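Subject: Structure handover

Hello,

Please find the structure below, together with its sequence. My notes on what was found in it follow.

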Amino acid sequence: MTFKISRRIFLIAAVLLLNLSLTASAQAARRTTSSIVIDALSGEVISSSNADERRYPASLTKLMTLYITFSALEKGEIKPDDSLKISRYAANREPSRLGLKPGDTISVKDAVMALIIKSANDCASVLAENLGGSEAEFAKLMTQTAKELGMKNTTFKNASGLPNRAQKTTARDMAILGSAIYHHFPEYYDLFSAAKFTYKGRTYYTHNHLLKKFEGADGMKTGYTSAAGYNIVTSAERNGHRVIAVTMGHNSIKNRDSKIARLMSSGLKKISQKNTEAHHPATKLEIPVPTTGESDDDGLWAIQIGAFSNYIKARNYALDIQGHIHLPYAQKTKINVEPATSGAALVYRSQLTGLSKNEADKTCHSLKRANKSCIVVAVSKQNKQQFVMVTK
């Protein structure tokens, strides 16, 4: 009797394990991926696949938590050394956490670095509670901010990316968010290139292996849950060209990283080829240039200094560049903000206009020495952009 029961239990267990194995295999086989690559300067989509399919973001969610945190820092609402209170709720967030204790505090800068390097869920909740009152209220702010940025298919329910059926996004929306962080907060973007972070004597290392493996990679964030698969938003710059790339839903880190590396390599190559063609009139691309009757000093050149999600940010950034950064010829420039439809979103291009070619080159060179992005563009007499030329 005992033997029969044991045999029956064994057979039931075997069937259950087989069903679980078949279910997991079926899910893996059915899982598709989503990806997109954009030119970080223009917002142009270079390539995409299932870019508007709604998916679970996992820890890519933390990019929005960081975006709102950077915004609060920029507005002076918080400072890097401010102490943030740690609640019991935040301290108990699993599974990836820094090991915070209820009643203790952590500085803003440590919480930020813990999100970027460790992907600490407890720190995400700490930031959410201190900035939004509660994580639920902060999640509403996250969703509202997403809509303002043009992330049309994104809903956030928490600050960390822990599983929630209603928390969804798309590869396209994540590219918009990555681009917004890069353009809106250049003073904080360099944090994403950090390879390690030390807190209370313990050193944590980044999950973003592309920082070591891919030339020019300098951020941003990885993410994983069993339902989401392996996700990544990343960016890379080579020879003055920058791409922002997203891929989501992979079955392994290896597959994800190899896919994103191919996407970025291809994207950077396409941008480089496009700009090379723009420099050579012999190619099929027709390039309008000033006629010989027009002087280099006619003020038909501008410096494009950024692309932003709204007009106010674009104009304020131009005012800041014009008034607070020492640049040659800055006083003679005029600010121009023009809307442009890109494959990723509607953006507002911020420009300083009214320069000669030589003046524009020198001013852009000065900006790049100050780690500010810019490109020199030719402008027609009707103030329309004719072609883009990246200065070296």
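This is a predicted model: local features need pLDDT of at least 70, side-chain atom pairs count only at pLDDT 80 or more; totals for chains, interfaces and linings use all residues.

M220 is part of strand β7, which covers residues 217–225.

P95 sits in a loop, the one between α3 (88–91) and β4 (105–107).

For the overall picture, the chain contains 12 helices and 14 strands. It has 392 residues, and 49% of them count as buried. Take the contacts between residues at least 6 apart in sequence: 63% of these join residues at least 24 apart.

Next, a pair of helices. Two packed helices are described by the angle between their axes and the distance between the axes. Here the helices are α2 (residues 62–75) and α7 (residues 171–184), whose axes come within 10 Å and cross at roughly 25°. Angles under 35 degrees count as roughly parallel, so α2 and α7 are roughly parallel to each other. Their crossing is left-handed. On the α2 side the contact is made by L63, M64, Y67, F70 and E74, and on the α7 side by L177, A180, I181 and H184. Sorted by class, the contact of α2 with α7 has seven nonpolar residues, one polar and one charged.

How many disulfides does a search of the whole structure find? The search finds one. A disulfide is a covalent bond between the sulfur atoms of two cysteines. In this model C364 is joined to C374, with an S to S distance of 2.0 Å. The link of C364 and C374 is right-handed, with 105° about the S-S bond. Another cysteine, C123, counts as buried at 0% relative accessibility.

Lastly, two residues with positive phi. A58 is not a glycine, and its phi is near 55°. A58 is in the loop between β2 (45–49) and α2, and counts as buried at 2% relative accessibility. K200, also not a glycine, has a phi of about 50°. K200 is in the loop between β5 (196–199) and β6 (202–205). Is K200 buried or exposed? K200 is exposed, with a relative accessible area of 69%.

Regards

Methods:
Residues are numbered from 1 along each chain as its sequence is written. Side-chain values use heavy atoms; hydrogens and water are left out. Axes are lines fitted to C-alpha atoms, for helices over the stretch in contact, and angles run from 0 to 180 degrees between N-to-C directions. Helices (H or I, at least four residues) and strands (E, at least two) are DSSP runs, numbered from the N terminus. Angles under 35 degrees count as roughly parallel, over 145 as roughly antiparallel, 65 to 115 as roughly perpendicular and the rest as oblique. A crossing is left-handed if the near helix is turned anticlockwise from the far one by less than a right angle, and right-handed if clockwise. Contact means heavy atoms within 4.5 Å. Ala, Val, Leu, Ile, Met, Phe, Trp, Tyr, Cys and Pro count as nonpolar, Asp, Glu, Lys and Arg as charged, and the others, Gly among them, as polar. A disulfide is a pair of cysteine sulfur atoms within 2.5 Å. Buried means under 20% relative accessible area, exposed over 50%, partly exposed in between (1.4 Å probe, protein chains only).
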